[in-house]
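Please walk me through the inside of this protein.

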Amino acid sequence: MTEATTDVATPATTHATRGAARRSAPAPAPRAAGWRTAPSRAVSVLVIGVLLAALLVFFVLPVVWLLLAPTKTAGQITHDNPLSFGSLHQVGAAWRHLYDFQDHVLLVWLRNSAVYSLGSLVLTLLTSLPAGYALALTRFRGRKTLLLATLVTMIMPSATLVLPIFLELNRFHLIGTIWSVILPFSFYPFGVYLVYIYFATSLPRDLLSAARIDGCSEWQLFSRIALPLAKPVVGLVAFFSFVGNWNNFFLPYLVLPSSDQFPIQVGLNQLLTSTPSFNPVAGAGLNITIPELALAIIVAILPVLVLFLFSQRTLVSGMLAGATKE
C-alpha cells in the first residue's frame, strides 16, 4: 500500500516541479517591441535618404554642372547631357575669351577685390580685437549699451544699412573712392561679438591678475597676454571677414561708378549682362557665352576655396574656442 501511494505521488510531484520551473524561467521578449523598432529604424533611414537626396539635387548637382560647363560650348550645354564632359581644349578657348574681355578687365576686378578685402581685413582686426577685449574685460559706463548695439547691428540684414552708409559716405565726399568700400567693410560687428565671447569665457582671469600685480598696463595685458592666446579666434574673424568682403556685391555696386573700380562680384554682373543668353542686345558680337560665365564664377571663388583649404585647422580651433569655460 505504501509503495502504491509512493508511485502515484511521484508523477504528481514531478509535474508540480516542472510547473514551478516554467514559472520561474524568464519570459521571452515580446515580439511587439521588435516590431516597433523595425519601423522606427526604417523611418530614420528614409528621412536620412530624403535629406541626402535633397542635398544632392540642390547643392551637389549645381556645383558639378558649374565645373563641367567650361568644358563645353554653348550649344553643347543646351543640347547635350548637362553632366557630360566636353574637352580641355574648350576650357582653354573659354579662358582666352574671358581674358580678352574689355582689355583683360577680369584681372583688374580680381586685383580690386584683393585690395578691398585685404585692406578691410587689416582694419577689421585693428578694430574688432580691442573692441571685443574691452567689452569682455573692462567695466565702463555705456558698456551694455555698446554690446546691445553690436548685437542689433549684427543681426540686421546688411541691405538695411546701405542707404544710411551711402548718405554718410556722400556727406564726406567718399563716393567713388577706394575708401567707400574699405571703410564700411572694416567695422565688423560679428567679429567684435566673436572676440567678446572668446575673451569673456576662455581667458583666465587669474593670469591677468598676476600680470597686473607684476606691473603690466592694460595695453600690455592685451598685446602680450590676451592677443597671443586669442590666435584661434583671430583666424576665425579674419576668415569670415575676408569671405564676407570678397563676396559683397550690393555696396560696391552702389558706390563705385567705374568698371575699372569694380570688384569681381560686381564684374560678374557685368559679364552676365554681356552674355547673349541673358542679354541678346548687349551681348551681340561678344565671345562671352555660358561657358565663359561659368569659368569666371569658378575663378571668382578660387581664392576663398584656397583660403578655406589652408585654414581648416584654424577654423575648427576657433569655432571651439570659448565652448568651455576655464
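The text below goes through the nonpolar cores and then the aromatic rings of this predicted model.

Begin with the nonpolar residues. In soluble globular proteins, nonpolar side chains tend to be buried together. Here the largest nonpolar core has 31 residues, and L98, W109, I264 and L271 are those with the most contacts inside it. Several helices each supply at least two residues of this core, among them α4 (88-100), α5 (105-137) and α14 (264-273). Helix α15 gives the most, with 6 residues.

W109 shows what such a position looks like. Setting aside its neighbours within four places in sequence, W109 is in contact with F101, S259, F262, P263, I264, G267, Q270 and L271. There is also a second, separate core of 25 residues, which includes L135, Y188, A226 and L236.

Now turn to the aromatic rings. The whole structure contains 13 aromatic pairs. One of them is formed by Y133 and F199, which sit edge-to-face, 5.4 Å centre to centre with 90° between the planes. This pair links distant parts of the chain, since Y133 is in helix α5 and F199 in helix α9 (residues 189-202), 66 residues apart. Y133 counts as buried because its relative accessibility is 5%, under the 20% cut-off. F199 is buried too, with a relative accessible area of 0%. Y133 and F199 also belong to one aromatic cluster with Y198, W219 and F222.

F239 and F240 form another edge-to-face pair, at 5.8 Å centre to centre and 65° between the planes. F239 is buried, at 12% relative accessible area, whereas F240, at 28%, counts as partly exposed.

Methods: Residues are numbered from 1 along each chain as its sequence is written. This is a predicted model: local features need pLDDT of at least 70, side-chain atom pairs count only at pLDDT 80 or more; totals for chains, interfaces and linings use all residues. Side-chain values use heavy atoms; hydrogens and water are left out. A nonpolar core is a set of buried Ala, Val, Leu, Ile, Met, Phe, Trp, Tyr and Cys residues joined through side-chain atoms within 4.5 Å. Buried means under 20% relative accessible area, exposed over 50%, partly exposed in between (1.4 Å probe, protein chains only). Helices (H or I, at least four residues) and strands (E, at least two) are DSSP runs, numbered from the N terminus. Contact means heavy atoms within 4.5 Å. Rings of Phe, Tyr and Trp (its six-membered ring) pair if their centres lie within 6.5 Å; planes under 30 degrees apart count as stacked, over 60 as edge-to-face and the rest as tilted.
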